[in-house]
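Subject: Structure handover

Hello,

Here is the structure for you to look at. My notes on what was found follow below.

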Amino acid sequence: MSLLDVQDLTVEFPTRRGVLRALDGVSFSIEAGEVLGVVGESGAGKSLTGAAIIGLLEPPGRVAGGRILLDGARIDDLPADRMRAIRGKQIGAIFQDPLTTLNPLYSIGRQLVETIQTHLRLSDRDARARAVKWLEDVGIPAARERIDAYPHEFSGGMRQRVVIALALCAEPRLVIADEPTTALDVSIQAQIIALLKNLAREHGTSVMLVTHDMGVIAETADRVAVMYAGRIAEIGPVREVVKHPAHPYSEGLMGSIPSLTHRVERLRQIDGAMPRLTAIPQGCAFNPRCEKVFDRCRVERPDLMEAGRSRAACWLYAAENAHV
Amino acid sequence: MSETSAVVLEATGVTRLFDVSRPWLQRVLVGEKRRHLRAVDDVSFAIPRGTTLALVGESGCGKSTVARLAVGLYGPSSGDIRFEGQALSAARSQAALRRRMNMIFQDPYASLNPRWRVRDIVAEPIRAFRLLSSAAEIDARVGELLTQVGLAAADGEKYPHEFSGGQRQRISIARALSSEPDFLVCDEPTSALDVSVQAQILNLMKELQQRLGLTYLFISHNLAVVRHMADRLGVMYLGRIVEMGPGEEVFRNPRHPYTRMLLEAIPDLDMVGVARTPVGGEVPSPINPPPGCPFHPRCKLANDRCRVEKPAHVRVGEVEVACHAVQEGRAEA
Ligand SMILES: Nc1ncnc2c1ncn2[C@@H]1O[C@H](COP(=O)(O)OP(=O)(O)OP(=O)(O)O)[C@@H](O)[C@H]1O
Ligand SMILES: Nc1ncnc2c1ncn2[C@@H]1O[C@H](COP(=O)(O)OP(=O)(O)O)[C@@H](O)[C@H]1O
Ligand code: SF4
Ligand code: SF4
Ligand SMILES: [Mg+2]
Ligand SMILES: [Mg+2]
């Protein structure tokens with residue numbers, strides 16, 4: 001059994017002009033200790049997927065279909081207080097801007113101790129000792145002296161380390177990290193990603209890592225899900241998806257990224273743009289931009305199917321599957 | 001100087017300070033002196049016509065300040081900037097020269113006036129410089145510009161909010177091109193865009209450069225983007241250009257310890273499953289830069305000289321590097 005199992009997840013926003021379906025039949029799982037990378041253009045549905053899992057969809061957004069299972073038990077239909085207990089203890093969260101997670105009015109030590117004590121039975125003294133240990137683990141120099149400092153006294157990179165300590169200190173089974181390094185400098189990004197990866201490995205924590213930076217995914221994730229217009233276009237082992245993408249959209253996406261190691265005159269380009277939620281094309285949502293489009297793509301919507309070692313939502317792989 | 005001069009923009013020893021002192025009364029009460037932040041420190045470069053000089057560096061290293069200096073939005077505190085051989089301030093006071101330089105910004109949302117139709121946004125420089133007079137001519141030119149950047153002439157009727165981020169950046173480019181410039185300063189023009197949209201814009205910028213013979217000062221924090229665009233490349237750290245040379249040479253054979261660190265630190269698509277040791281430390285505050293070489297607190301090669309003496313630029317082949325270790329020949333390892 002997987003640690004997290006998302007089945008046919010659909011998220012909708014009722015609006016005056018009708019219901020917007022922002023996620024439409026998203027299915028994937030995360031194994032214990034695994035890092036799943038989630039990539040895609042802005043608006044593809046990455047953050048909503050994370051928010052739905054931790055029960056933080058902003059109303060009027062709601063889970064309109066499908067199920068989310070943690071360790072085999074449903075968590076998508078829990079009352080708010082039960083979900084709050086799961087958040088933090090079982091599932092930790094790291095967001096792009098550390099300042100949205102940290103309370104500016106409390107010292108970081110107090111925030112850590114509170115989180116630790118909410119989820120683990122520890123005395124004040126033991127909780128504080130553990131908080132110091134976490135600050136050391138995330139690489140805050142002179143942790144013992146700095147534990148009573150306030151968030152604004154830290155640099156952006158240091159704050160994101162504190163946020164990681166905060167997300168991990170209750171020892172959750174799963175961490176959802178939504179663009180955790182996007183706001184940071186390049187040299188700091190690498191430090192933070194390595195830290196997250198190592199801590200997750202040490203503690204056997206699973207990570208859902210949302211980012212638009214394919215380089216980060218390539219180096220960190222075990223598997224990757226590529227999202228497009230509210231659905232998963234392709235999911236598979238990181239090497240496969242990056243080096244031999246199966247879905248025409250993933251292929252275009254990988255080709256559009258300039259490389260550090262070799263130079264091309266012209267980047268591969270996918271013309272056009274991802275459709276808005278109000279104008280998702282019939283059939284395969286990618287069909288107006290796809291070089292390989294054929295008749296079936298314009299009428300029938302593909303679900304994920306076997307595509308080599310990955311799974312892709314693309315009719316190119318239907319024939320291949322027919323005779324196995 | 002004539003229009004055919006080989007160097008379009010030349011900066012020599014340019015420094016820009018910002019006054020970051022506290023208010024006068026507070027300062028007097030605690031007996032504090034005025035404080036200056038050295039955002040750009042002794043920067044020199046020349047950009048030959050039709051080529052791209054790219055600057056790369058981490059947040060706060062002075063890239064945007066150089067961009068603003070290069071189009072005259074800021075004046076240098078010391079040093080000299082010349083546009084086609086003329087002092088930039090003098091060039092800026094002549095409309096005929098001013099129209100030949102323009103700037104594209106990072107944020108395609110903030111840089112377009114939301115209440116104007118796209119055609120008026122694009123036509124504004126044409127009107128300001130009185131390049132065309134009849135409404136029909138202006139309309140035709142705007143249509144041509146929009147088509148040139150991959151939009152449709154009919155898009156001129158719409159407002160900016162009706163466009164995606166990538167389309168808005170195309171509008172910014174059309175606007176920047178409308179005064180028929182030959183020099184464009186592009187400050188992180190694709191940093192707010194998704195990679196697939198970034199590819200469209202970078203391809204467009206290269207095409208336009210070839211077609212129109214444009215000269216670019218191209219600024220980005222993204223090394224791979226810079227590699228794609230640069231003829232020459234300058235790496236900035238705390239206001240200084242620490243290494244500059246032909247782009248391919250700097251990438252293939254980085255010499256400055258900071259350039260090496262950056263190239264090692266950056267996650268890359270080709271690095272699937274490769275373990276690496278990330279570099280330690282952060283960029284120090286530019287208000288209180290370390291003495292000597294500003295990189296010394298993070299540098300593995302730092303020695304006593306580095307801690308007191310600022311390294312001068314030395315030439316190694318086609319590359320200029322500001323590093324004692326390189327100059328002393330102890331950087332190879
Ligand atoms: N008008 C100003 N007044 C005071 N300080 C300034 C001003 N403009 C820039 N600075 C400071 O000068 C330094 C260089 O700033 P600049 O905006 O050029 O950096 P940058 O390299 O463009 O960074 P980023 O990648 O974040 O855009 C920074 O420390 C910044 O805080
Ligand atoms: N509160 C909301 N109301 C209406 N639509 C929303 C809301 N939040 C997100 N969406 C839409 O849902 C889609 C997916 O959003 P999101 O998950 O934030 O994308 P990503 O994180 O991949 O950039 C987008 O089209 C977005 O506009
Ligand atoms: S289903 Fe058809 S249109 Fe969609 S990605 Fe595959 S080939 Fe292209
Ligand atoms: S001058 Fe010294 S401290 Fe600076 S980069 Fe070179 S070796 Fe390192
Ligand atoms: Mg998001
Ligand atoms: Mg800037």
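A residue is called buried when its relative accessible area is under 20%. By that cut-off, Lys63(B), Thr65(B), Val66(B), Ala67(B), Leu69(B) and Ala70(B) are buried in helix 2 of chain B. Please keep in mind that this is a predicted model.

**Helix 2 of chain B**

This helix runs over residues 63-70. It is mostly covered, with 6 of its 8 residues buried. Just after the helix comes Gly72(B), which has a positive phi of about 80°.

**Chain B overall**

Chain B holds 13 helices and 12 strands. It has 333 residues, and a compact globule with that count would have a radius of gyration near 20 Å. The value for chain B is 22 Å, which agrees. Its C-alpha trace spans about 70 × 55 × 40 Å along the principal axes.

Of the 333 residues, 51% count as buried. The accessible surface of chain B is about 14400 Å². Carbon and sulfur atoms account for 51% of that surface.

How many of the contacts in chain B between residues at least 6 apart in sequence join residues at least 24 apart? The share is 66%.

On charges, chain B carries 41 positive and 38 negative side chains. The centres of these two sets lie 5 Å apart.

Start with Met229(B). It is found in helix 9, residues 223-229. Is Met229(B) buried or exposed? Its relative accessibility is 2%, so Met229(B) counts as buried. Leaving out residues up to four places away in sequence, Met229(B) touches Thr52(B), Leu202(B), Met205(B), Lys206(B) and Phe218(B). For a distance check, take Met229(B) and Ala95(B): they are 134 residues apart in sequence. In space they are 29 Å apart, C-alpha to C-alpha.

Next is Val314(B). It sits in strand 11, residues 313-316. Val314(B) has a relative accessible area of 22%, so it is partly exposed. Val314(B) and Asp187(B) are 127 residues apart in sequence. Their C-alpha atoms are 28 Å apart in space.

**Chain A overall**

Chain A has 12 helices and 12 strands. Its radius of gyration is 21 Å, close to the 20 Å that the globule rule gives for 324 residues, so chain A is as compact as a globular protein of that length. The C-alpha trace of chain A spans about 65 × 50 × 40 Å along its principal axes.

Buried residues make up 54% of the 324 in chain A. The chain exposes about 14500 Å², and carbon and sulfur atoms supply 49% of this area. Among contacts between residues at least 6 apart in sequence, 63% join residues at least 24 apart.

Chain A has 39 positive and 40 negative charges.

**Aromatic pairs**

Over all chains there are 8 aromatic pairs. One of them joins Tyr228(A) and Tyr249(A). This pair is tilted, with 4.5 Å from centre to centre and 50° between the planes. The pair links distant parts of the chain, 21 residues apart. Tyr228(A) is in strand 9, residues 223-228. Tyr249(A) is in helix 11, residues 248-255. Both tyrosines, Tyr228(A) and Tyr249(A), are buried.

Tyr249(A) also pairs with Phe286(A). Why is that pair edge-to-face? The planes of the rings stand at 65°, and over 60 degrees counts as edge-to-face. The ring centres are 5.4 Å apart. Here too the pair links distant parts of the chain, 37 residues apart. Phe286(A) lies in the loop between helix 11 and strand 11 (305-307) of chain A.

As for cover, Tyr249(A) is at 0% relative accessibility, so it counts as buried. Phe286(A) has a relative accessible area of 3% and is buried. Together, Tyr228(A), Tyr249(A) and Phe286(A) form one aromatic cluster.

Best regards

Methods:
Residues are numbered from 1 along each chain as its sequence is written. Chains are lettered from A and ligands numbered from 1 in the order in which they are written. Side-chain values use heavy atoms; hydrogens and water are left out. Helices (H or I, at least four residues) and strands (E, at least two) are DSSP runs, numbered from the N terminus. The radius of gyration is taken over C-alpha atoms; the globule rule is 2.2 Å times the number of residues to the power 0.38. Buried means under 20% relative accessible area, exposed over 50%, partly exposed in between (1.4 Å probe, protein chains only). Contact means heavy atoms within 4.5 Å. Accessible areas come from the Shrake-Rupley method with a 1.4 Å probe; for residues, only the protein chains shown count as cover. Lys and Arg count as positive and Asp and Glu as negative; His and the chain ends are not counted. The place of a charge is taken as NZ of Lys, CZ of Arg, CG of Asp or CD of Glu. Rings of Phe, Tyr and Trp (its six-membered ring) pair if their centres lie within 6.5 Å; planes under 30 degrees apart count as stacked, over 60 as edge-to-face and the rest as tilted.
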